[in-house]
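Visitor: I have a model open and would like to go through it piece by piece. Can you walk me through it?

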There are 2 protein chains.
Amino acid sequence: MTALTDQPQAGAGRTIISVDAMGGDQGPAAVVAGIAHSAAKNPDIGFIVHGPGEELQRLIDKKRGLAERCELRHAPEVVTMEDKPSQVVRHGKQTSMWSALESVRNGQATVCVSCGNTGALMLMSVIRLRKLPGIYRPAIAVMWPSQNPQKHNIMLDGGADIRADAKDLMQYALMGASYARNGFGLACPRIGLLNVGTEEHKGRAELKEAYDLIAANAKQSDFEFVGFVEGRDLPGTTCDVIVTDGFTGNVALKTGEGTAKLVGDLLKEAFAYSPLSRLASVLAYTSLQRLKKRVDPRRANGGVFLGLNGTVVKSHGSADATGVSSAIKLAFELAQSGFSDKLAARVASASMVDQDSPTEAQTEGEAE
Amino acid sequence: MTALTDQPQAGAGRTIISVDAMGGDQGPAAVVAGIAHSAAKNPDIGFIVHGPGEELQRLIDKKRGLAERCELRHAPEVVTMEDKPSQVVRHGKQTSMWSALESVRNGQATVCVSCGNTGALMLMSVIRLRKLPGIYRPAIAVMWPSQNPQKHNIMLDGGADIRADAKDLMQYALMGASYARNGFGLACPRIGLLNVGTEEHKGRAELKEAYDLIAANAKQSDFEFVGFVEGRDLPGTTCDVIVTDGFTGNVALKTGEGTAKLVGDLLKEAFAYSPLSRLASVLAYTSLQRLKKRVDPRRANGGVFLGLNGTVVKSHGSADATGVSSAIKLAFELAQSGFSDKLAARVASASMVDQDSPTEAQTEGEAE
């Protein structure tokens, strides 16, 4: 790295990812280690790294060859997990989070990655990047380990907004379908609407309304609507994308994490129980590692903010180097696929449907 | 068993459980097998069994010694899983579910157990047993495997009603605390209110209102309020009872079940992968069985309907003999502890608090 310049020089044909080095529970060393890991694995990524200049410079210089791949942007302040989003937006211009989003806003980077305060990152993203025309509530899409061939399902909203009306849920379906097409390579993703039962007469009134709206949009938006699904379908094979409001989605996400952790802890206890079970655990080591890798939240790390002019990947606050690297990988893949532009085109074509006749709008639906 | 009489003769000092033999996915044979299992294990239970007389008679006669423990009530009709609750309540007088509740209503049995349609069972319970004075929404309390010393947490509402306002949530806290005192023997259960974050400023408006109401009732109702908790606390050690509305609770419950099943399936795959891992699985067999037993939903089978004049245990629809026997065990324990009367006294004393000064009401709080 040469200096704290204003123009990215880490580029030269590379896909540029803007990384907020601060605000995660494990500090900037873990983030820089994650960057180094990704840089070593993938020669096509360049980085713009945001945070206190001297500290980051030192961390980056420690990793051989990393300085040439990183552009640094000095930002003296940090958004903490305790900061209130509304305060951060008003007084946060000097933070690494603001700076990281700025690189996407001014077109120097394609995707932004941050481990910081989710609420602050979302509010700042909305204010700095702006919502896509026609989108009222952006959403956070998260990956969920599943038995589907692509090994993950997508759930949204994972907690961007605790409210969602029928039209929001319809837009989540549209955005989730777009994400599944680009992230999983599925031509016609299957969408489910989360409810307390699969029968059509069950659930809240806004869910019945959303049901009809999503069903009406399925054909011209190239997804299949499987109808209402239940909590057990989140890791299941019934659909690829599960749509719900951010309150329910956030509770479900953390319940799933908690349950997986409980089973893991009990498994450890079970294997520590007797000499025989300890021997078994040695023999089963590689099998258990394979299982762990499969459900390890670090390896599916990264909630993606959908519905903005630009893509933001929110890494888990407690992410270590493996987690950060996984979030960077996701950011790179989304940048490569031109996801942001395709999603914008999809949303625009769906807005057309609202205003025009379905036949006219259908010709617009080929953009992706 | 002697005949289809109107008076219970299975009693003679025994605690009588009323069992709906129909409506479960596995049919009456599984239910009768569960009854036989419980009867063999616990000489203090007597049964009133409801369903088509001849069929049940044949199933009961097959099990040695069971006829003397069972009283039979002929009910020719069955509530199916597809039946709409409102229809069942209007036209369901000839069903085994109606008959099973009737035995609790007329005092011949202490607790009712059914594997049938949850919505129908709840609505029929409300109409036949009536809500406790002062209770607006009854709730379903479910057991959740956890790392707490009692090995389970209680969550309510698991899906009785998709709505709950602040006052309902406060009553759920009260009823959940009562259940934890009787079911777990905890003198001062810790109550948490489910939200998307533990910070006080997060979440929906009605949750903030519920927060204040629950906090205000903690002392005179002998529970500790730990404040907002998250999805990961459901299997955690932060609290013993988690309070939420029936929509969120139902999604969380099924998400937890689905996640546990996914991990279990992946574990099986991992152990089937190579000859070495298959050998390991043989050595680890007893350890894994111990783990399975710990998280097996059949062994914590039984949502309990709270807030009614009488106790109803809803067994899982797909319960086999082990599951039914587990639900009967729970019903027996609740009957033994005089849970229904204690809960009624608690609710009555809390209603007093609403009307009177806290000082006066506090003397009423000793009923349990």
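Visitor: Among contacts in chain A between residues at least 6 apart in sequence, how many join residues at least 24 apart?
Guide: That share is 71%. Keep in mind that this is a predicted model.

Visitor: How many helices and strands does chain A have?
Guide: Chain A has 13 helices and eleven strands.

Visitor: And what percentage of its residues is buried?
Guide: Of the 368 residues in chain A, 56% are buried.

Visitor: On to the sheet. In what order do the strands come?
Guide: The order in chain A is β3-β2-β1-β4-β11-β10-β5-β6-β9-β7-β8. These eleven strands make an open sheet with mixed pairing.

Visitor: Which are the edge strands?
Guide: They are β3 (70-74) and β8 (224-229) of chain A, each of which pairs on one side only.

Visitor: By how many degrees are neighbouring strands turned against each other?
Guide: The average is 25°, with direction ignored.

Visitor: Let's look at β1(A). Is it enclosed or open, and why?
Guide: β1(A) covers residues 15-20, and five of its six residues are buried, so the strand is largely enclosed by the rest of the structure.

Visitor: What does β1(A) pair with, starting with β2(A)?
Guide: β1(A) and β2(A), residues 45-51, run parallel and are joined by six bridges. In that pairing, Asp20(A) is opposite His50(A). The link between the two strands passes through helix α1 of chain A, residues 27-41, and this β-α-β crossover is right-handed.

Visitor: How many bridges does β1(A) make with β4(A)?
Guide: Four, and the pairing is parallel; β4(A) spans residues 111-114. Val19(A) faces Val113(A) across that pair.

Visitor: Where does helix α2 of chain A lie?
Guide: Helix α2(A), residues 53-62, lies across β2 and β3 of chain A. The angle between α2(A) and β3(A) is about 160°.

Visitor: Switching to α6(A). What should its span be, and what are the ends doing?
Guide: Helix α6(A) has 19 residues, 166-184, so at 1.5 Å a residue it should span 27 Å. Its end C-alpha atoms are 26 Å apart, which agrees with that expectation.

Visitor: How many of those residues are buried?
Guide: 15 of the 19, so α6(A) is largely enclosed by the rest of the structure.

Visitor: What follows the helix?
Guide: Gly185(A) follows α6(A), with a positive phi near 70°.

Visitor: Which residues other than glycine have positive phi, starting with Lys151(A)?
Guide: Lys151(A) has phi near 65°. Its place is the loop between β5 (139-145) and β6 of chain A. Asp222(A) is another, with phi near 55°, and it lies in the loop between α7 (205-217) and β8 of chain A.

Visitor: Is Lys151(A) buried or exposed?
Guide: Lys151(A) counts as exposed because it has 12 C-beta neighbours inside 10 Å, and the cut-off for exposed is 12 or fewer.

Visitor: Where is the cis peptide bond in chain A?
Guide: It runs from Leu156(A) to Asp157(A), with omega near 10°. Asp157(A) is in the loop between β6 (152-156) and α6 of chain A.

Visitor: What about Leu156(B) and Asp157(B)?
Guide: A cis peptide bond joins those two, with omega about 5°. Asp157(B) is in the loop between β6 (152-156) and α6 (166-184) of chain B.

Visitor: Last topic, the interface. How many residues are in contact between chain A and chain B?
Guide: 49 residues of chain A contact 49 residues of chain B. On the chain A side, α8 (246-271), α9 (275-283) and α10 (285-295) each supply at least two residues. The largest share, 20 residues, comes from α8(A).

Visitor: Is that side of chain A nonpolar, polar or charged?
Guide: Its residues divide into 26 nonpolar, 14 polar and nine charged.

Technical notes:
Residues are numbered from 1 along each chain as its sequence is written. Chains are lettered from A and ligands numbered from 1 in the order in which they are written. This is a predicted model: local features need pLDDT of at least 70, side-chain atom pairs count only at pLDDT 80 or more; totals for chains, interfaces and linings use all residues. The expected span of a helix is 1.5 Å times one less than its number of residues. A residue is buried if 20 or more other C-beta atoms lie within 10 Å of its own, exposed if 12 or fewer, and partly exposed in between; C-beta atoms are placed from the backbone. Two residues are in contact if their C-beta atoms, placed from the backbone, lie within 7 Å. Ala, Val, Leu, Ile, Met, Phe, Trp, Tyr, Cys and Pro count as nonpolar, Asp, Glu, Lys and Arg as charged, and the others, Gly among them, as polar. Two strands pair if DSSP finds at least two bridges between them. A crossover is right-handed if, with the strands pointing away from the viewer, the path from the first strand over the helix to the second runs clockwise. Axes are lines fitted to C-alpha atoms, for helices over the stretch in contact, and angles run from 0 to 180 degrees between N-to-C directions.
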